[in-house]
Amino acid sequence: MNDWTTSHDRVLVQRNAEGWMFLIEAARDLRTTGAIAPSGKALARVLTDPVRAQAPHPLAVLEAGAGTGPVTRALIPRLSRGSRLDVVEANPRFAERLRRLVTTHSHLTATSAQVNVHQTYVEQLDTDQRYDVIVSGLPLTNFTPAQVERIMARYMELLHPGGTLTYFAYLGTCKARALTASRAEARRHAAVDEIMGAYQRTYATGRWTVWANVPPAYVWHLQRPHVSADHPEQQSVEARR
């Protein structure tokens, strides 16, 4: 009983620390911190379902915008033997925390999965690797339309044909921003919604509502299509609209 209590208390302390860290980093820079609280377990579970669904095959997985690591912690136990996970986080304080998480996680020794933390923006990730699953925690609604275009194009470039991109968006942000945002901010947000709507109409394979998260969120799964040799590998965003 004492062991359980000690473990439970440790988890609560960790969650409280992560919550405060998110608040501090959000105040510093919304480009690298798009929320005021880490993703909850229910949201992390739905985001990582494409990895679970393909077990026990070894997979190449990319997590972008990992923050303090709540989704990383959900991903690591789902990695099959021989899998690879690249974690991308631009915030240097978050990246250091993620490195400590990776070096101390017991599951990695058992599965021999390879996990690397990259302190960079996903648009600037220098790799020839292509991924079966990309899990995005980036706050796309905080970015300019041009940034969103670059990020989404990079995701599609990094996916294997048939690979899955999974990401979330909070419920109610459109209405909230319409009531509180400036006219320029409302236009920016509408332009981002238009870009994401084009990707959803073209590539979406499913959407789930996670009510148990704070705040509640939608989780989208997008799939890069299989392309025949007779067709160009990638369409432009303009052609998709």
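**Salt bridges and nonpolar cores**

In this predicted model, arginine 78 and aspartate 49 form a salt bridge in which the closest N and O atoms are 3.3 Å apart. The pair connects distant parts of the chain, since arginine 78 belongs to the loop between α4 and β2, whereas aspartate 49 lies in helix α3 (residues 49–53), 29 residues apart. With a relative accessibility of 21%, aspartate 49 counts as partly exposed, because the buried class requires a value under 20%.

In the whole structure, a search finds 7 salt bridges. Another of these joins arginine 100 to glutamate 96, with 4.0 Å between the closest N and O atoms. Both residues of this pair, arginine 100 and glutamate 96, are located in helix α5 and stand 4 residues apart, about one turn of the helix. Arginine 100 is partly exposed at 45% relative accessibility, and glutamate 96 is also partly exposed, its relative accessible area being 39%.

A further salt bridge brings together the side chains of glutamate 185 and arginine 188, at 2.5 Å from N to O. Helix α9 (residues 183–203) contains both glutamate 185 and arginine 188, which are 3 residues apart, about one turn of the helix. Glutamate 185 has a relative accessibility of 27% and counts as partly exposed, while arginine 188, at 13%, counts as buried. In general, side chains of opposite charge can pair when their charged atoms come close.

Attention now turns to the nonpolar residues. The largest nonpolar core comprises 30 residues, of which Val61 and Leu85 touch the most other members. At least two residues of this core are supplied by each of the helices α2 (41–47), α4 (70–75) and α5 (92–104), and likewise by each of the strands β2 (84–88), β3 (114–118), β4 (131–136), β5 (159–170) and β7 (217–223). Helix α2 provides the largest share of the core, with 5 residues.

The surroundings of leucine 85 can be described individually. When neighbours within four places in sequence are set aside, leucine 85 is in contact with Val61, Glu63, Thr72, Leu75, Ile76, Leu79, Gln114, Val115 and Asn116. In soluble globular proteins, nonpolar side chains tend to be buried together.

Conventions. Residues are numbered from 1 along each chain as its sequence is written. This is a predicted model: local features need pLDDT of at least 70, side-chain atom pairs count only at pLDDT 80 or more; totals for chains, interfaces and linings use all residues. Side-chain values use heavy atoms; hydrogens and water are left out. A nonpolar core is a set of buried Ala, Val, Leu, Ile, Met, Phe, Trp, Tyr and Cys residues joined through side-chain atoms within 4.5 Å. Buried means under 20% relative accessible area, exposed over 50%, partly exposed in between (1.4 Å probe, protein chains only). Contact means heavy atoms within 4.5 Å.
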